[in-house]
Structure formats: structure tokens, C-alpha cells
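Q: I am new to this structure and would like to go through it step by step. Could we look at it together?

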Amino acid sequence: MPELPEVQAIADYVDGRAAGLPIRRVDVASLAVLKTADPPYSALAGRTVAGVHRIGKYLVISTDPAEAAPTEPGAAPDVIHLVIHLSRAGWLRWSSNLSQTPPRPGGKGPIALRVHCGLPGEGFDVTEAGTQKRLAVWIVRDTAEVERIATLGPDVLSLTRDELAAILGGTGARIKTVLTDQRVISGVGNAYSDEILHTAQISPFATAKSLSDDQLDRLFVAVNAVLSDAIVRLEGAEVATMKGEKRSGLRVHARAGMPCPVCGDTVREVSFTDRAFQYCPTCQTGGKILADRRMSRLLK
């Protein structure tokens with residue numbers, strides 16, 4: 001799943017190519033991805049891309065009218081946002097050679113949405129691989145209209161050490177759960193939470209409110225170091241290569257069975273029904289092997 005660093009990199013990449021360009025048309029291959037109907041997706045045609053940014057793990061493409069019309073004092077600006085949540089298997093592909101033939105609605109291909117902007121052939125596809133269709137797109141005049149955005153916690157990179165400590169001190173949930181709950185803290189998902197906890201030398205099962213001051217210090221430093229390093233590594237990368245760049249920078253996530261690059265111990269995994277996380281026993285749990293729920297059930 002694209003997380004804060006990838007969504008930031010995609011936003012910067014598309015902003016650098018699309019900002020200031022007119023949207024010529026929008027093709028929708030999967031109506032199921034559209035979560036709003038007013039304004040309709042056709043309202044984007046003829047508008048200009050004002051800029052691209054992110055809110056948490058959401059990609060926001062803001063558009064202005066092609067020609068600014070005079071507005072009454074105090075009137076709301078005529079802005080329409082295309083909001084995209086890539087979920088687990090979604091991605092964005094920029095191209096200078098987009099087909100002018102609209103993708104087939106309901107087809108079996110990965111394309112869900114195509115946005116033509118700039119010269120003929122320029123624009124991007126929003127795609128989703130696999131069978132679990134969770135990609136979501138909203139077209140709104142205010143991003144707060146997207147309920148998931150309205151209920152987001154503060155952006156993880158905006159937090160001070162004391163603010164992070166206050167959030168964690170108010171919950172008895174496991175630290176892994178807290179870091180990935182977007183309603184509490186936004187931006188971090190499964191992969192980077194593994195990397196952050198490994199860097200901070202904290203067990204994924206540690207209770208958030210029980211962390212010591214030293215652990216809180218290490219966690220705050222790790223959050224900023226891991227995410228900032230990932231953003232820097234992805235800066236300027238082509239969208240097509242970002243997934244590989246992400247994997248190359250991971251030390252424990254998706255590396256179960258491989259040696260920890262810090263201590264050499266074997267990276268372990270805890271599996272659930274539809275996800276798993278990885279950790280290093282020596283670095284994070286004092287050598288203790290955490291119970292793997294899926295394996296425990298198999299052995300019963």
C-alpha cells in the first residue's frame with residue numbers, strides 16, 4: 001500500500017508535470033471507484049490543474065476554472081478537487097502516449113480512471129491490480145466532504161515530540177496498531193510502521209501508554225528519520241520505479257527469514273488473516289519470539 005512517502009512523491013511528480021495544464025477529458029472505466037456524484041466527473045473537463053498535494057495517504061489534485069470569472073466578495077473559490085486513495089493495490093501511471101480511445105467500462109484491465117491533461121496523449125491512468133477492489137475516488141469542492149479525510153488524525157510529520165507522547169499516553173492499544181490507525185495519526189501504514197519500530201528498537205506489541213521517556217524519544221526520532229529518508233530517496237524518481245525504490249530501503253518489512261541488517265538475527269513475522277508484520281527479536285523484543293496467530297491456529 002502506498003504510504004506517506006510514496007503519496008508525497010507521486011503528488012510532487014504529478015504536480016511537476018500537470019500543474020497549469022488543462023484537463024481535456026476524464027474517462028471512467030470503473031464506476032465503482034467513484035464515491036461521489038456531485039460534481040460529476042465530467043465537471044473536471046475544461047478546468048486547469050492548480051496543483052497536486054497529499055492529505056495523509058490521500059492524493060489531492062486541485063483544479064480551477066479555465067478562465068477565472070469575477071466573484072462576489074466573500075464568495076467561495078470555484079475549486080474542484082479530485083481525491084484519490086490508492087488503497088492496497090492502486091497506483092498512478094503518467095504517460096505522454098495515452099490512448100485516445102476510452103478504456104472499456106467494466107473491462108478486466110487494471111485501469112480505473114484516465115485523466116487527459118495537456119497535449120493529446122498526455123495525462124495519467126489510475127490503476128488497481130488484483131481482485132480486492134478498494135481504490136476510491138472522490139470529486140468534491142471541499143476535501144472535508146470526504147468523510148475519511150474529515151476524520152483523519154494529525155499528519156505524523158506535523159507532530160512534535162510532546163504531541164506524539166500525548167497521543168500515545170491516551171491509549172492502551174499496541175503501538176503498532178496506534179501508528180497505523182489513520183483516525184489517530186495519519187500517513188503511516190504497515191510497512192513504515194515496521195521500519196519505524198525497528199529503528200526505535202520497540203516491540204510492535206508494546207502498549208502505547210506504557211512507553212518510557214527514552215522509548216518516546218527514540219520513537220519520535222525514528223518517525224522523522226525513516227519517513228524523511230524515504231521521501232528523499234523517492235524525490236525525483238519516476239512513478240514507475242517508486243515501488244522498487246521503496247522495497248530497496250526497507251530493513252525488516254517483507255524480509256521475514258532474512259538476516260537483520262543491524263544485528264544479524266533472523267527477521268520474524270506475525271501473520272493475521274489478511275496482513276502480516278515483521279520485526280527483529282534481538283533489536284526489538286529482547287530476543288522473545290512473538291506469537292504468530294495464524295501459525296498457532298494451525299498447530300492446534
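Q: How do helix H1 and helix H6 pack, at what angle and how far apart are their axes?
A: Helix H1 (residues 4–18) and helix H6 (residues 213–234) pack at an angle of about 35°, and their axes are 9 Å apart. Axes are lines fitted to C-alpha atoms, for helices over the stretch in contact, with angles running from 0 to 180 degrees between N-to-C directions. Helices (H or I, at least four residues) and strands (E, at least two) are DSSP runs numbered from the N terminus.

Q: Before going on, what sort of model is this?
A: This is a predicted model, in which local features need pLDDT of at least 70 and side-chain atom pairs count only at pLDDT 80 or more, while totals for chains, interfaces and linings use all residues. Residues are numbered from 1 along each chain as its sequence is written, and side-chain values use heavy atoms, with hydrogens and water left out.

Q: Back to the pair: which residues make the contact of H1 and H6?
A: H1 contributes Leu-4, Pro-5, Glu-6 and Ala-9, and H6 contributes Leu-227, Ala-230, Ile-231 and Leu-234. Contact means heavy atoms within 4.5 Å. By class, this contact of H1 with H6 has seven nonpolar, no polar and one charged residues. Ala, Val, Leu, Ile, Met, Phe, Trp, Tyr, Cys and Pro count as nonpolar, Asp, Glu, Lys and Arg as charged, and the others, Gly among them, as polar.

Q: Which side chain does Lys-246 join through a polar contact?
A: The side chains of Lys-246 and Glu-6 are joined by a polar contact of 3.5 Å. Such a contact is a pair of N or O atoms within 3.5 Å; within protein, one must be able to donate a hydrogen and the other to accept it, and residues adjacent in sequence count only if both atoms are side-chain atoms.

Q: Is Lys-246 buried or exposed?
A: Lys-246, which lies in helix H7 (residues 242–248), is buried, with a relative accessible area of 11%. Buried means under 20% relative accessible area, exposed over 50%, and partly exposed in between (1.4 Å probe, protein chains only). Not counting residues up to four places away in sequence, the residues that Lys-246 touches include Met-1, Arg-233 and Leu-234.

Q: What about H3 and H6: at what angle do their axes cross?
A: The axes of H3 and H6 cross at roughly 120° and come within 10 Å. H3 and H6 are therefore oblique to each other; angles under 35 degrees count as roughly parallel, over 145 as roughly antiparallel, 65 to 115 as roughly perpendicular and the rest as oblique. In H3, Arg-161, Leu-164, Ala-165 and Leu-168 meet Asp-213, Leu-216, Asp-217, Leu-219 and Phe-220 in H6.

Q: Now the strands: where does Asp-125 lie?
A: Asp-125 lies in strand S7 (residues 123–128) and is buried, with a relative accessible area of 5%. Its side chain makes a polar contact of 2.6 Å with the side chain of Arg-114.

Q: Which peptide bond is cis?
A: The peptide bond from Asp-38 to Pro-39 is cis, with omega near 0°. Pro-39 is in the loop between strand S1 (23–28) and strand S2 (48–55). Most peptide bonds are trans, and most residues other than glycine have a negative phi.

Q: What is the phi of Ser-87?
A: Phi of Ser-87 is near 55°, a positive value in a residue other than glycine. Ser-87 counts as buried at 7% relative accessibility.
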